[in-house]
Amino acid sequence: MLQHHQPSQFSPANAELDAHDAFGPRQHDADEHWAYEIARPVIAVGVETKLAAMKETSLHHHRKAQLILTLSGVVTCEVDNSAWIVPPQCALWIPGGQAHSLRASGDLKIYCLFVETDAAAVMPAECCTIAVTPLLRELMLRTASLPPLYDMGGPDGRLVTVLLDELAAASVEKLHFPMPRDPRLRKIVNAMLSDPAERLTIAEWGRQVGASERNLTRILRTETGMSFGRWRQQLHIQLALQHLAQGVSVKVVAQDLGYESASAFITMFRKALGKSPARYLADRCRLGSSAEALPSS
């Protein structure tokens, strides 16, 4: 059953909001007035729903920039041949006018900010993942409860100003996974997503997709800037953060990704991100106050 916050701000007709609306306004008749176009620097919406199957949006864009905060469930965004698998308690920044597609699954609870271009002038010009502090999170939730035409000269306007200041100060996380254009490499991506524990070498993958190791290596480097090992590691980090944030133990994640032991997985994770999985999530995504927040078995 769909639940949403402050439905009066989602549309003047008090229409029901679903995940598609939260991700971005659909194409409506020109005479319809939607909250996404209200003349305010920030409009926030929220949605909570159980998705029995994967929810997908087609490639689309909107004039305003967008910030998607995932509190539960899994949200994946693909834009400009990169993919972001955004773990809960982190947020995805999508600049205005940037074409993107989104997928969501699970017990979804998200908040979205739609930010005017001039209000987002200091934000990154490219899609990225933002580390969400407790203050930024609460500001987003509070903003979602404001009336659509909130008073810019009153307390509500000051609240939005603080939110924008906190958003501008948020650190950017390098959590994207470069998606190649080459159809053979796309086949490899899909296979690795289906079975991330598979440990075929790039030469072995080449034999499966009909390409030489040298050719695949060259194309991968050209299209992603990465070696095959680094590219696969980046995918593993994305998948690991997704599952760890859902409460899956380090030991199980390590097994699912094909590592010989939890310690081998933790070593890889620490080399890539500078911290152990538990400390990274505790510090960056606020999923716990200590390393004990994640089970070890």
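**Entry 1**

I began at a hairpin: E3 and E4 form it, with two residues between them. Asp80 sits in the turn, and I noted its positive phi of about 50°. I keep in mind that this is a predicted model.

Next I looked up the pairing of E3 with E4. The two strands run antiparallel and are joined by five bridges. In that pairing I found Cys77 opposite Trp84 of E4.

I then followed E3 to E6. These strands are also antiparallel, with 12 bridges joining them. Ser72 stands opposite Lys109 in E6.

E5 (residues 90-94) was the next partner I checked. E3 pairs with E5 in the antiparallel sense, over four bridges. I list Leu92 in E5 as the bridge partner of Ile68.

How much of E3 is buried? I find 14 of its 15 residues buried, so the strand is largely enclosed by the rest of the structure.

**Entry 2**

I went on from E5 to E7. They pair antiparallel over four bridges. Trp93 has Cys128 in E7 as its bridge partner.

E7 (residues 128-131) also pairs with E8 (residues 172-173), antiparallel, over two bridges. There I noted Val172 in E8 as the bridge partner of Ile130.

Then I checked the faces of E7. In a regular strand the side chains alternate between the two faces of the sheet. I find both faces of E7 covered. Cys128 and Ile130 are buried on one side, and Thr129 and Ala131 are buried on the other.

**Entry 3: the largest pocket**

I looked up the largest pocket next. Its volume is about 440 Å³. I count 22 residues in the lining. Thr76, Ile85, Leu193, Leu239 and Gln242 lie nearest the centre.

Which elements give two or more residues to this lining? I list strands E3 (65-79), E4 (82-86) and E6 (101-115), with helices H4 (183-194), H7 (228-245) and H8 (250-256). H7 gives the most, with five residues.

I also sorted the lining by class. It has 13 nonpolar, six polar and three charged residues.

**Entry 4: aromatic rings**

I found four aromatic pairs in the structure. For Tyr259 and Phe265, the ring centres are 5.7 Å apart and the planes meet at 65°, so I log the pair as edge-to-face. The angle cut-off for that class is over 60 degrees.

Phe265 also pairs with Phe269. Their ring centres are 6.0 Å apart with planes at 55°, so this pair is tilted. Both residues lie in helix H9 (residues 262-273), four residues apart, about one turn of the helix.

The relative accessible area of Phe265 is 0%. Tyr259 has 16% relative accessibility and counts as buried, because the cut-off is under 20%.

Elsewhere, I noted a cluster in which ring pairs link Phe177, Phe228 and Trp231.

**Entry 5: charges over rings**

Last, I checked which charged ends sit over rings. Arg199 has its charged end over the ring of Tyr259, 4.5 Å from the ring centre.

Key:
Residues numbered from 1 in each chain as written. Predicted model: local features only at pLDDT ≥ 70, side-chain atom pairs only at ≥ 80, totals over all residues. Heavy atoms only, no water. Phe/Tyr/Trp six-rings, centres within 6.5 Å; stacked < 30°, edge-to-face > 60°. Buried < 20%, exposed > 50% of the residue type's maximum accessible area, 1.4 Å probe, protein only. Lys NZ or Arg CZ within 6 Å of the ring centre and 35° of its normal. 1 Å grid on protein atoms, 1.4 Å probe; cavity = no way out; pocket = protein on both sides within 12 Å on 5 of 7 lines; lining within 4 Å. Points joined across faces, edges and corners; volume = space filled by probe spheres on them. Nonpolar A, V, L, I, M, F, W, Y, C, P; charged D, E, K, R; others polar. Pairing = 2+ DSSP bridges.
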